[in-house]
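Hello,

Here is the model for your files. Please open it before reading my notes.

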Amino acid sequence: MQRLLIQNIGMLATPEGKSARRGADQGQIRVLQDAYVLIEDGIVAQIGTGTPSIADAEIIDAGGKLVTPGLVDAHTHLIFGGWRQNELGLKLHGATYLDILAMGGGILSTVNATRQATEDELYDKAKEALDEMLALGVTTVEAKSGYGLDMDNELKQLRVIRRLGEDHPMDIVPTFLGAHAVPTEYKEDREAYIRLLCEEAIPAVAKAGLAEFCDVFCETGVFSAAESQVILEAGKEWGLVPKIHADEIDPIGGSQLTEEVGAISAEHLIVCPPEGIAAMAKAGTVACLLPATSFYLGSTFAPARAMIQAGVPVAMASDFNPGSCPSLNLQFVINLGCLKYRMTPEEVLTAVTLNGAAAIGRADKLGSLEVGKQGDLVIWDAPDLNYICYRMGSNLVRTVIKNGKAL
Ligand code: IZC
Ligand code: ZN
């Protein structure tokens, strides 16, 4: 048996439980001083205080620092060709995100670059991003397709996700996002594209076991709420659990749909109306908020406080993508959670660990430091939880432990 003992932990901070925490519970975490964690064969076996004596354990001295669960990034567009730095100038001259998309840029320019890239090129590029995420304290990521927008290229992206999941220490959870935009070749016949998604792409993805979730970009000029519902229902028939990009720019009914389709999570929610919050609270949908995207778009910030008050579990993720969030730094997201959402450090920790895990159906296995959960944790170069919420712009990770192994 492989035993790893992390001892001399100054502060161990973790949410607890096997499901999302909501309302006042989101801010209730367990804190231990002078703690240790014992991991056996990749699974947390003991947590306590003081210095235990455990035979045959490899020992890591945490140096009196902060330990938290490994961070969970529950929303990324990890697999893409090219970048979109040319859009920065357009943005500075006043073009909006939807203006650029309507001109055939935005997502559609990344679709061109992704179609041109080989599977190996996409693999190498995404692997670099995963290495960087891991170094920043992330131990599990969700990754979406959505830059292929045809059968071959969507499946190509999902195969890259599967290969990375096999090869890379990071846990990677795959989502099918064929409904990310209507591709140029279907511009005059969007119904035909929706049929392709529902009748061919979703069945092919599900049969190959290449995705767990089906996501839709429900937005002005992209997919309407009615279209989103059709696509998500088709996904459900094939066992793909619904997720929905809702209320990022315009509130066109996406968040209200969560209750009807039983979405596990809704993403963005920057302009989420009260009816959307009520629907999510009723459905138990996790609000997966992406504050670095608000920051980059120069938009407002999602009403996180109102969501917590209404009993909606709040997660936060990076939204790493080449258009609206060219950052994969979840530590920056932690800063924004406090500064822009006015969430407490305890609520923020829950958002980037247990509630992130719940947004991707993994709360039973990871997202907290408890006996029986996966041995994923971060030793921070920080004395306490407040410190990582307040310091900005440095990587405060000291050591990442993934499945009981120091990386
Ligand atoms: O490439 O612009 N919002 N999808 C929905 C994105 C942003 C990614 C992109
Ligand atoms: Zn997204």
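Below are notes on the two ligand sites.

This is a predicted model: local features need pLDDT of at least 70, side-chain atom pairs need 80 or more, and totals for chains, interfaces and linings use all residues. Residues are numbered from 1 along each chain as written, chains are lettered from A and ligands numbered from 1 in written order, and side-chain values use heavy atoms, without hydrogens or water.

**Ligand 1**
- The residues around it (a heavy atom within 4 Å) are His 77, Arg 84, Tyr 97, Ile 107, Tyr 147, His 180, Phe 217, His 245, Glu 248, Asn 321 and Ser 324.
- One ligand 1 oxygen is 2.5 Å from a side-chain N or O atom of Tyr 97.
- For Arg 84, the distance from a ligand 1 oxygen to a side-chain N or O atom is 2.9 Å.
- A ligand 1 nitrogen lies 3.0 Å from a side-chain N or O atom of Glu 248.
- The protein buries 100% of the 270 Å² that ligand 1 exposes alone (Shrake-Rupley, 1.4 Å probe).

**Zinc ion (ligand 2)**
- Its protein donors (N, O or S within 2.8 Å; 3.2 Å for Na, K and Ca) are His 75 (NE2), His 77 (NE2), His 245 (NE2) and Asp 319 (OD), at 2.0 to 2.8 Å.
- Their sequence spacing is H-x1-H-x167-H-x73-D.
- Water is not among the atoms, so sites may look incomplete.

Best wishes

Conventions: Polar contact = N/O pair within 3.5 Å; in protein donor to acceptor, adjacent residues only side chain to side chain.
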